[in-house]
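Dear colleague,

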Amino acid sequence: MDIKIQSIHFDATEKLQEFIGKKVAKLEKSCEDIKSVEVQLKVVKPATAQNKEASLSVAVPGTTLYVEKTADTFEESIDLCVDAMKVQLTRFKEKNREK
């Protein structure tokens, strides 16, 4: 599984990148067919609470699943994204099983 992290208008720290890598790796438990994962991190203006936006694009055979969440910290928004993506991957696997 290929993981690409993109931070827009700032540099993501090593610690944040490691955190993202660990969290995203857990998605493989939900679906083994993941080809690649693209993570986008962005600080939304104006600088208020709830301004850290994270989005996940997961490429699986036949489609790309996408989720986007905003929270106070990037870690929190990544957690929310991973949780939502697990649900999408489970649904995707169930649909494919029916075929």
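Predicted model: local features only at pLDDT ≥ 70, side-chain atom pairs only at ≥ 80, totals over all residues.

Residues are numbered from 1 along each chain as its sequence is written, and side-chain values use heavy atoms, with hydrogens and water left out.

Helices and strands here are DSSP runs, numbered from the N terminus (helices are H or I with at least four residues, strands are E with at least two). For accessibility, buried means under 20% relative accessible area, exposed means over 50%, and partly exposed lies in between, with a 1.4 Å probe and protein chains only. A contact means heavy atoms within 4.5 Å.

Helix α3 covers residues 74–98, and its 25 residues reach 36 Å from the first C-alpha to the last, close to the 36 Å expected at 1.5 Å a residue (the expected span is 1.5 Å times one less than the number of residues). Its buried residues are Phe-74, Ser-77, Ile-78, Cys-81, Val-82, Ala-84, Met-85, Leu-89 and Phe-92, and these pack against α1, α2 (27–30), β2 (36–43), β3 (52–60) and β4 (63–71).

A nonpolar core is a set of buried Ala, Val, Leu, Ile, Met, Phe, Trp, Tyr and Cys residues joined through side-chain atoms within 4.5 Å. The largest one has 24 residues, of which Leu-27, Leu-41, Leu-56 and Leu-89 touch the most other members. While α1, β2, β3, β4 and α3 each supply at least two residues of this core, the largest share, eight residues, comes from α3. Leaving aside residues up to four places away in sequence, the contacts of Leu-56 include Val-24, Leu-27, Val-37, Leu-65, Cys-81 and Met-85.

The structure holds one aromatic pair, the term being used for rings of Phe, Tyr and Trp (its six-membered ring) whose centres lie within 6.5 Å, with planes under 30 degrees apart counted as stacked, over 60 as edge-to-face and the rest as tilted. Phe-10 and Phe-74 form this pair, which is stacked, at 5.0 Å centre to centre and 10° between the planes. The pair links distant parts of the chain, with Phe-10 in the loop between β1 and α1 and Phe-74 in helix α3, 64 residues apart. Phe-10 is partly exposed at a relative accessible area of 21%, whereas Phe-74 counts as buried at 8%.

As for disulfides (a pair of cysteine sulfur atoms within 2.5 Å), a search of the whole structure finds zero. The sulfur of Cys-31 is 17 Å from the closest cysteine sulfur, in Cys-81, and therefore too far for a bond. Cys-31 is buried, with a relative accessible area of 1%, and Cys-81 counts as buried at 0%.

Some single residues remain. His-9 lies in the loop between β1 and α1, is exposed at 82% relative accessibility, and has a phi near 65°, a positive value in a residue other than glycine. Most residues other than glycine have a negative phi.

Ala-12 lies in the loop between β1 (2–8) and α1 (14–25) and counts as buried, at 15% relative accessibility. Not counting residues up to four places away in sequence, Ala-12 touches Ser-7, Gln-17 and Leu-41. Ser-30, which is placed in helix α2, also has 15% relative accessibility and counts as buried; with the sequence neighbours up to four places away again left out, Ser-30 touches Lys-86, Leu-89 and Lys-93.

With best regards
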